Amino acid sequence: MSIILINMIGTVYKIHSDFYYVMPKTESGDTRLIECKLREILKKKKERIVVGDFVEIENENAIAKILKRKNLCKRPAVSNLDLMVVVSALLEPELNFIQLNRYLTFLKYHNIPALLCFNKDDLTNEAELSVMREKISNIYKPLGYEIVFTSALNKDGLCELKNLIKGKTIALTGQSGVGKSSILNALNPDFNLKTKTVSDKLKRGVHTTRHCEILDFPDFKIIDTPGFSKLTFDFILPKDLGDYFDEIKKYKNGCRYSDCLHVLEEDDDCNVIKNLDNIDISRYESYLEFLEETKKYKEKVTYEGTKEETGSKTNNNKDFAKISTKKRAHSRRKINQTTKNLLNNILDNPDEMENPDD
């Protein structure tokens, strides 16, 4: 028996090529994914749909509208998250604090809460584990982050992790090879997601997840995402970067100049520099590295600008697709050429003109 879906709401669970697999909200509780296509109007408006989007479905398999998002993360491309679990490995690959801070700054910018999960603690001896745990706690607990230590192999910490994500839609992110798929398999072995060990040659992880997809658990939903190793802050201005480091934001209002970048060589009268003893060195080093990236972005927008043409316009509270700049230019050229040809024809053949007195 087919389900009649007219103007029903659903959630995008996965995307493959031009097909969108949507879980509809039905009173019957049916859990079958429906293969959908975009309505032509959405294509013309260049609206991008990502996994996690709430959409309106009509005529059984046509996505007609994207509903308002709670949040949107572009890398990886997911939306409507309650929590992002940032997974790091204590060893293999070696814990990189700057990379971890890169994720946290990115999530702070997008206003997505983060949970720190440190996996593979079974690969270190007890003394090393104790030192590492203390260091991590000293850095991130004062910043308000929840922390959980797990071992997907030994099932350690999984109950605590389940309690922290219960009732939420979450995603896991982190470098490749840190054990994201292993954690998902440990939470529910029925998924049997593909995993790989860390490359012996490169000493870094290997990508195993190739696309985003929502996985249903009894008490929560997880969006499985590909790992990514490089994230550049090519979308933040230098003067704004400090707002995404809580420990820097705490002191920046005491700086003499409002556009202070909190770099020792540039300003001796900086309240952040005066309080460096209260900021973890790895966090400040991360800030300095990201700052150089934001400076390149500022230089780019200064000379090139950042204006992007939208794919839609609003008229009388209704959205319409806009034709592209290229097509508009072509249309104008065609009109101008047609007009020019008409005038030339009149000038060349005046006798063919109708007599206005007739």
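Helices here are DSSP runs of H or I with at least four residues, strands are E runs with at least two, and both are numbered from the N terminus.

You're looking at a predicted model, where local features need pLDDT of at least 70, side-chain atom pairs count only at pLDDT 80 or more, and totals for chains, interfaces and linings use all residues. Residues are numbered from 1 along each chain as its sequence is written, and side-chain values use heavy atoms, with hydrogens and water left out.

Now colour the buried set in α5: K180, S181, I183, L184, N185, A186 and L187. Show their surroundings, and you'll find them packing against elements including β8 (83–89), α4 (158–165) and β13 (221–224); contact means heavy atoms within 4.5 Å.

Next, pick α2 (residues 97–109) and α9 (residues 281–304). Which residues of α2 meet α9? They are F97, I98, N101, R102, L104 and T105, and across from them sit S282, R283, S286, E289, F290 and E293. By class, that contact of α2 with α9 has 4 nonpolar, 4 polar and 4 charged residues.

Finish in the loops. S17, between β1 (8–16) and β2 (19–24), has a positive phi of about 55° without being a glycine. Most residues other than glycine have a negative phi. S17 is exposed at 58% relative accessible area (exposed means over 50%). Then jump to K46, in the loop between α1 (40–44) and β4 (54–58): its phi is positive too, about 60°, and K46 is exposed at 61%.

How values were computed. Ala, Val, Leu, Ile, Met, Phe, Trp, Tyr, Cys and Pro count as nonpolar, Asp, Glu, Lys and Arg as charged, and the others, Gly among them, as polar. Buried means under 20% relative accessible area, exposed over 50%, partly exposed in between (1.4 Å probe, protein chains only).
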